[in-house]
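Work through the exercises below with the model open. Try each task before reading its solution.

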Amino acid sequence: MRFIRALSLAVLWTLLFPIAQNEAATVDDAVKNLKNLAPGQRKTVLEEGARKEGEVIWYTSMSLTDFPKIAGAFEKSAPYVKVRVNRLSQSSIMPKIETEARAGRFAVDVVASAPVEMWELKLRGYSAPYLSPELKAFPSGSYDPQGYWSSTEVTPLVLALNTNLAPPDEAPRSYQDLLQPKWKGKMNFGSDEYAWYSVMLDGMGKAKGLEFMRALARQQLLIPGGSSIMRLQLMLAGESALAIAARGRRVTEYKEKGAPIDYRLLDPYPAEPNGLALMRRSAHPYATILFIDWMLSEEGQTVLAQQVPRMTLRKGIKQIPRHQELYKKEFVFVNPASIGPNLNELIASYQQIFDIR
């Protein structure tokens, strides 16, 4: 029986892939070959291709403590594929990919990073379209309709409060409330919150949004730098009463530990998705597609939500208790197609309005 099954797989592989056995499949080959297969047949072909390739190269800006949990869980699910991770800062991902491309070296199979990188990869032709069948369980706006990126997790941006200085019953309940005189000189803000800025301008409309930003800047904001963690720590130390565009996941972590901190989900409720892009010149397309599908699957999303833990986007995934309240309002996702082509303009106006030097 084992011989017959192996022979059947070999025949199926040969019929589906009219590629010479010593010639590696391209991403286009793999996506085309998998496109119209029934789920069971697709799974068989995908796993067989991944088994032949044996590895996937993943460039990610995920933290050093988090990505090993993801890689380990995937390798347990697919022990015939080794995940080789290159952890890079968000700002160094594109320069590395471009340097390698100029040298004719296409080492990376899949990239996980923020919306700007997802847009740049698509614009420069480095990523390939792939619409995973798992995306039917994801909300609109969390993936590219053409398939150039799909989001595995999200970072919601909230208004954080030092409850000793801003009691919850007195704290702002809208962005307009931030303009009240009592908050002048009592709010901190980041030097590079471009994702939040992009969503706010899109949501308010550019003219009204810029008018609001100028009024906000007149509130004598404290801008200590770009670190969101540092801003929360300074707020908790009493340096400010409020932190604008704080990372919700981090705020709930401090709150659970008993810190004098709370938060507001304002309207719009900006959320930055962390995208995943299949690289056009991937040397391991089947293993990479298997990895992407797993990351978006119920199993992968549960690992991400429960074991890492991060905030996932697949519908129906149980979140850890401290994250659950962050889902009580609909996210307004940072749109790569909006922030990407307008990034230089956004940065220039942001720095001018908030006097960032």
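**Exercise 1. The cavity**

Which strand supplies the largest share of the lining of the largest cavity?

Solution. First, the basis. This is a predicted model, in which local features need pLDDT of at least 70 and side-chain atom pairs count only at pLDDT 80 or more, while totals for chains, interfaces and linings use all residues. Residues are numbered from 1 along each chain as its sequence is written, and side-chain values use heavy atoms, with hydrogens and water left out.

Next, the terms. On a 1 Å grid over the protein atoms alone, a cavity is a set of points where a 1.4 Å probe fits but cannot get out; a pocket is an open set with protein on both sides within 12 Å along at least five of seven lines; lining residues have an atom within 4 Å of a point. Grid points are joined across faces, edges and corners, and a volume is the space filled by probe spheres set on the points.

Now search the whole structure. The search finds 1 cavity of 30 Å³ or more. The volume of the largest cavity is about 50 Å³. Its lining consists of Ala128, Tyr130, Gly147, Tyr148, Trp149, Ser150, Leu276, Ala277, Leu278 and Ile292.

Helices (H or I, at least four residues) and strands (E, at least two) are DSSP runs, numbered from the N terminus. Strand β8 (residues 270-278) gives the largest share, 3 residues.

**Exercise 2. Strand β1**

Why is strand β1 largely enclosed by the rest of the structure, and which strands pair with it?

Solution. Check burial. Buried means under 20% relative accessible area, exposed over 50%, partly exposed in between (1.4 Å probe, protein chains only). In β1 (residues 55-60), 5 of the 6 residues are buried, so the strand is largely enclosed.

Then check pairing. Two strands pair if DSSP finds at least two bridges between them. β1 runs parallel to β2 (residues 82-87), joined by 6 bridges. With β3 (residues 110-113), β1 pairs in the parallel sense over 3 bridges. Tyrosine 59 stands opposite asparagine 86 in β2 and opposite valine 111 in β3.

**Exercise 3. Proline 260**

Where does proline 260 lie, and which residues does it touch?

Solution. Locate proline 260 in the loop between α10 (248-256) and β7 (261-264). Its relative accessible area is 28%, so proline 260 is partly exposed. List its contacts (heavy atoms within 4.5 Å). Not counting residues up to four places away in sequence, proline 260 touches Leu161, Asn162, Thr163, Asn164 and Leu236.
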